[in-house]
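This briefing is intended for a reader who has the sequence and the coordinates at hand. Please consult both while reading the points below.

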Amino acid sequence: MQLKKITFKINSKEITIEVDVRESLLDVLRNKLHMTGVKKGCSVGECGACTVLIDNVAFDTCIYLAVWADGKEIRTIEGEAKEGKLSKVQQSFLDEAAVQCGFCTPGFVMSTTEMLESGKVFSKEQIKKELSGHMCRCTGYHNIMLAAEKALQPANKHGSECHGKCHK
Amino acid sequence: MYDIIAYEEASCIEEAIKLLVANPNATLISGGSDVLIKLHEGRMHDAHLISIHGIKELSGVSMLEDGTIVIGSGTSFSKISKHPIVQQFIPVLGEAVDMVGGPQIRNIGTIGGNICNGVTSADSASTLFAFNARLEIQGPDGVRTVLIKEFYKGPGKVDLQHEEILTAIFITPDNYRGYGGHYIKYAMRNAMDIATLGCVALCKVKGIHQIEDFRLALGVAAPVPMRCTETERLIKGEFFTEELIEKVGKTALKEVNPRTSWRASKDFRLQLVEELSKRAFRQAFKNAGGEQ
């Protein structure tokens with residue numbers, strides 16, 4: 001067994017931890033740091049359920065060696081709500097009922113968060129493309145699209161009064 | 001846990017080469033989107049990995065004084081498609097690599113890995129064939145360069161010794177200046193799929209009606225990515241007409257040698273070769289400033 005000590009920031013908190021070189025970041029997050037919001041789906045980078053932001057870019061943690069996280073800044077779904085208040089993206093997913101079983105939701109939320117923070121304006125087609133690395137087995141994607149569109153629409157256009165009706 | 005028996009991390013190219021020399025059975029890992037999946041699926045065992053994941057000098061896009069574009073082999077697909085140099089001078093390469101997998105795969109997968117796997121379906125490869133890209137390879141004896149068309153030796157086989165590393169991809173100005181291009185990937189679905197056929201056309205226009213230069217490259221139309229040199233020869237110098245478009249499709253058909261796989265039959269691929277060559281040519285001509 002080959003161990004390596006790595007230091008990284010997880011949801012703004014710096015930690016140092018010894019990882020096995022054979023471990024994926026996904027397994028370290030779930031099994032050692034108990035961040036079970038990071039879901040283990042396909043393990044081959046196809047379903048997107050294990051998506052987190054590494055230095056603010058979306059990655060599948062199942063095909064990312066844990067040792068590569070050394071020196072990086074990682075954000076998972078656990079760190080998105082601040083002082084009990086959901087993030088804008090989380091709130092949109094709630095408002096639009098973009099959740100059924102919830103397994104894919106953390107991944108979708110993290111990718112949508114990356115888009116939101118890029119400051120870019122996304123068309124419906126672009127949102128679809130940006131979320132195409134995620135699979136959902138039960139919502140039919142419709143509400144997920146509504147939630148992402150709602151989270152990504154410019155704040156001054158509709159404000160908080162929209163309740164998702166404006167893009168129907 | 002992955003079936004890894006040893007893991008070493010190189011901090012620079014020289015160190016990576018030294019590690020490769022010292023470990024004849026080691027495998028290089030860059031982005032990991034192919035190697036880790038192979039390990040997961042049991043197609044690779046007891047891996048001794050040498051990671052070049054964090055080597056900064058392998059990542060990035062830049063331009064030399066003479067206009068040559070240099071792409072580091074460790075540059076991720078998303079960094080390539082978002083790079084201003086790519087967007088301004090070789091947008092078709094950005095479009096091609098923007099069709100690999102899904103966004104998270106494009107954030108981790110590298111262009112070097114895409115080429116070194118030696119597969120004919122690599123989205124970046126056909127476009128690099130059209131650009132006559134030159135590959136820089138570093139080994140214990142120094143640096144050598146090889147044209148991409150000579151790099152591919154057969155399915156999964158490339159001109160790379162165990163101790164060597166593909167470090168950079170060069171595209172010289174005479175191979176991109178004045179060209180308009182278009183890449184079409186045909187797959188069963190838009191995302192997370194491997195090309196059933198990939199087709200890229202580059203066009204340079206004389207005046208607005210005449211083809212000064214034409215290049216047509218295909219992926220999955222033969223065991224390795226290929227150029228349709230006979231078609232290119234026939235089209236060069238001609239005036240753009242509907243008949244000429246038909247000619248591109250018909251002549252390209254005679255040059256390819258696709259196979260039947262579980263993804264698609266040979267017949268279907270032949271149909272794709274004809275149709276996509278025509279469509280790519282038409283759009284590339286337009287993108288180069290041509291008018292019908």
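How many of the eleven residues of helix α5 (residues 142–152) of chain A are buried? Nine of them are buried, so helix α5 of chain A is largely enclosed by the rest of the structure. Buried here means under 20% relative accessible area, exposed means over 50%, and partly exposed lies in between (1.4 Å probe, protein chains only). The model is a predicted one, in which local features need pLDDT of at least 70 and side-chain atom pairs count only at pLDDT 80 or more, while totals for chains, interfaces and linings use all residues. Residues are numbered from 1 along each chain as its sequence is written, chains are lettered from A and ligands numbered from 1 in the order in which they are written, and side-chain values use heavy atoms, with hydrogens and water left out.

**Helix α5 of chain A**

- The buried residues of α5(A) are I144(A), M145(A), L146(A), A147(A), A148(A), E149(A), K150(A), A151(A) and L152(A).
- Their cover includes α2 (88–95), α3 and α4 of chain A.
- Helices (H or I, at least four residues) and strands (E, at least two) are DSSP runs, numbered from the N terminus.

**Interface of chain A and chain B**

- Chain A contributes 32 residues to the contact and chain B contributes 29 residues, where contact means heavy atoms within 4.5 Å.
- About 2400 Å² is buried between chain A and chain B, with carbon and sulfur atoms giving 60% of this area. Buried area is the accessible area (1.4 Å probe) that two parts lose on being put together, summed over both.
- On the side of chain A, the residues that lose the most area to chain B are R22(A), I63(A) and W68(A), together 27% of what that side buries.
- The interface holds two salt bridges, a salt bridge being a side-chain nitrogen of Lys or Arg within 4 Å of a carboxyl oxygen of Asp or Glu.
- K4(A) and E9(B) meet through their side chains in a salt bridge (3.3 Å, N to O).
- Eleven residue pairs are in polar contact between chain A and chain B (both at pLDDT 80 or more). A polar contact is a pair of N or O atoms within 3.5 Å; within protein, one must be able to donate a hydrogen and the other to accept it, and residues adjacent in sequence count only if both atoms are side-chain atoms.
- Two or more residues on the side of chain A that touches chain B come from each of β4 (57–60), α3 (105–118) and α4 (124–130) of chain A. The most come from β4(A), with four residues.
- S33(B) lies in the loop between β2 (27–29) and α2 (35–40) of chain B and counts as buried, at 13% relative accessibility.
- Not counting residues up to four places away in sequence, S33(B) touches I63(A), I108(B) and G109(B).

**Overall form of chain B**

- Chain B has twelve helices and 14 strands.
- Its C-alpha trace spans about 60 × 45 × 30 Å along the principal axes.
- Of the 292 residues of chain B, 57% count as buried.
- Among contacts in chain B with a separation of 6 or more, 62% come from residues 24 or more positions apart.

**Salt bridges within the chains**

- Over all chains, 24 salt bridges are found in the whole structure.
- K128(A) and E125(A) form a salt bridge, with their closest N and O atoms 3.8 Å apart. These two residues are three residues apart in helix α4 of chain A and therefore separated by about one helical turn.
- K128(A) is partly exposed at 43% relative accessibility, whereas E125(A) is exposed with a relative accessible area of 55%.
- R282(B) and E242(B) form a salt bridge between their side chains (2.9 Å, N to O). The pair links distant parts of the chain, with R282(B) in helix α12 and E242(B) in helix α11 (residues 242–255) of chain B, 40 residues apart.
- R282(B) is partly exposed, with a relative accessible area of 31%, and E242(B) is partly exposed at 34% relative accessibility.
- R279(B) and E275(B) form a salt bridge, with the closest N and O atoms 3.0 Å apart.
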